[in-house]
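Please consult the sequence and the structure shown here.

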Amino acid sequence: MASVTEYAGKRLLIIDDMPEMRSSLRSQATSIGFQKVTACGHLREALDALRQTPFDIILCDYYLGSGTNGQQFLEYLRTRRMIPRSTLFIMITAEKNHDAVITAAECMPDDYLLKPFTAELFKTRVERLLDRKARLAEIDAMQDKGRWAEVIATCDEIISARDRYQVDAMRIKGNALIQSGRHEEAAAYYRKINDMRPLPWARLGLSRALRETGKLDEAREQLTTLIAEAPHLMAAYDLLGHIHAAEGDSAAALQVLDDASRRSPHSLARLRAIAEVAESAGDFERVEKSLSQVVDKTRNTPLRETSDFARLGSALTATGQADKALAVVDEAREAFRGEAENPALAAVEAIAHHSLGNPAKAEAALERALQGGDLGLLPASAMLTLAQACLDSGRADQGQALLKQVVQTNPEAKDVHARVTSLMERHGSADQARKLVADSVEEVIQLNNDAVRFGKEGRIGEAAEMLTAAANRLPGNLQIVANAAYALLVALLANGHDADKLREAERFRQAVRERAPNHRKLADIDALWARLAARQNALE
Amino acid sequence: MSFQAYAALTIHDVKNRLATLANRAQARGDVDTVREALNAAELLTALLVCYKAENGWLGADIDAHAPIDLIEELAADSARLASLPVRMRPDVPGEVFFYDENLVRLAVNGALHNALRHAQHEVYIGARADERWLEFIVTDDGPGFPSEQLAESACPAGVSGQGTGLGLYLARLVADLHTHDGLRGVVLLHNDHGAHFTLRLPR
């Protein structure tokens, strides 16, 4: 079924750390007709190339030397949306199951090539994969834009055409149902597929849908069976770990994630997840162990992240290694020159100096941390570190205000609440700690209830005002930010033009779009936006 | 580092060297050496998969695939390399079935190499399906499987004239990982004017 594929116009990026492999891959590619071939030996080079030109095909060796691998690179590209879904990513491996690299579907390569391979094999495979990409091109573009309703409709067309891509379409449709918040429907859909033929991705999808609909027991049960039957399905461990962690059972979460790490020891995402769970369990030795590995593996590579350093530093202060924490902060400042004023790093510095008995240095570092921009947008772990630095330095009010903000930014994350409680306990009483968490959560619930009630009573203007204030106070809570955008647009449609409100609505809409392009409320917000725009055009 | 880690790294390294060797041979048109290098690399892959299976880490990643893709790929891949013609049987299904394509490729490719070593004139590869089974088939016109291989069950054959027996062991592992509706995959060997290898999977 080989199709006539024009390779001459396709851009191919080859990534392999061995020069001889690079040149032989290049000559294989040119021998089958590729003309635009770029070959890179390092991730940094590859990233530069990707920033300059879009590539149609990326051929990446799994082993990249110096601690990093192709899977980590692919995860990096996908999570940062640096390559569209239309780009073909092919991983070259010594043995496909070697690192048990079955991860989240989003982070899977399009195919694996076992090395060594002939130019003929490469050609047949690429032809086949390009045929598939061509058939799914429209859906891929819609997925990139998060237009899930259209994705679902187009998948339905392919499914009813019953061609060879129908199972691909089924998989994409299930994910689209989840992405658009239609979780009950997604669960029913995955059940139907599994009744016909139990497939790992459909069983995993069902578990995701069950978790989203709050059926945690059933989700856990599904995942436990799935792991027993498909021990290489790493995404199942990760999901189960998340469920345990969100329920506050960090011991169970760590057990599952450790098990996954034994089978697939190189996943940065999992090492980071283990650190996160260990943080909420107060097991800072484990945090240190996991994040030291991440920092080592990513040292001098583009995959390193400031937050790894900050969290490692924070763990080191918790285990009484303040001097080491300061060294980590120094290394981070050296590595990320643009982020010398990162508030989380400065907060670690403050805590370390405090415990070393240097109050003046601690105070100076804390001042810098608190001036580090919009603190409400910091990740939870960074806000917690900052709050701890405040509490350590005797700034109780400021510390508690930050803790309240962390809880209200993450009102459903039990693991974050646990960390807030244990921090407060050390600087106050257990009762006070529990009360702070409970009151903060209650306030967010009350806010949402009030907004809904106002909306129902036709007092949409008041609802919008209340949500706008909350969104400005809690910019990291995207649920509130999205609701604020929605309410403002409804109010504008009901009450007529108001330039300030329109600006505010656009700002919130952009914030959601940038930070959560798949947010389930975005489609509704965009629809209101379009109605508003249409009406204004009609008036002009 | 453990022996396991060294072994994995070494296999990786050796495969890289075999790849280099194959590419150099390809460049000077030495097809025989290319074939030997690729076959050697294939054995190392099989070894890694068996190691994984030993440790209970091998799982089938079942998804929808069209057998015609795999058969065409294997036929095209061997067209330039093989010493004998590899022909496709007619009526290979173009619709999708459910199996782990990477594992099935390893198993069928192993059988294909074996057949090429023993065939006199030609080798056939193909696939066919009935209501319950999907079968991948490799046949040759050589002397057929030795009787002890026909008799033996799931154990590796040990070193013999047929190679190390790793290929067949791997094929059985792959078959065993494919289950559906109470049915389990199986490898069938028989002789009929040559060796007939069948990887039968529940559809």
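Leaving aside neighbours within four places in sequence, with which residues is D61(A) in contact? They are I15(A), D16(A), G70(A), I92(A), K115(A) and, from chain B, H12(B); contact means heavy atoms within 4.5 Å. The model is predicted, so local features need pLDDT of at least 70 and side-chain atom pairs pLDDT 80 or more, whereas totals for chains, interfaces and linings use all residues. Residues are numbered from 1 along each chain as written, chains are lettered from A and ligands numbered from 1 in the order written, and side-chain values use heavy atoms, without hydrogens and water.

D61(A) belongs to strand β3 of chain A. An unreviewed UniProt entry annotates D61(A) as "modified residue: 4-aspartylphosphate"; such annotations may be inferred rather than shown by experiment. The side chain of D61(A) reaches the backbone nitrogen of Y63(A) at 3.0 Å.

Two residues count as buried because their relative accessible area is under 20% (1.4 Å probe, protein chains only):

| Residue | Relative accessibility |
|---|---|
| D61(A) | 1% |
| T20(B) | 10% |

T20(B) is found in helix α1 of chain B and, not counting residues up to four places away in sequence, touches E20(A) and M21(A).

M21(A) is among the buried residues of α1(A), as are R22(A), S24(A), L25(A), Q28(A) and A29(A). Their cover includes β1, β2, β3, β4 and α4 of chain A, together with α1 of chain B. Helix α1 of chain A comprises 13 residues, 19-31, and reaches 18 Å from its first C-alpha to its last. G33(A), with a positive phi near 110 degrees, follows α1(A).

Definitions and conventions
Helix = DSSP H or I, 4+ residues; strand = E, 2+ residues; numbered from the N terminus. Expected span 1.5 Å × (residues − 1). Buried < 20%, exposed > 50% of the residue type's maximum accessible area, 1.4 Å probe, protein only. Polar contact = N/O pair within 3.5 Å; in protein donor to acceptor, adjacent residues only side chain to side chain.
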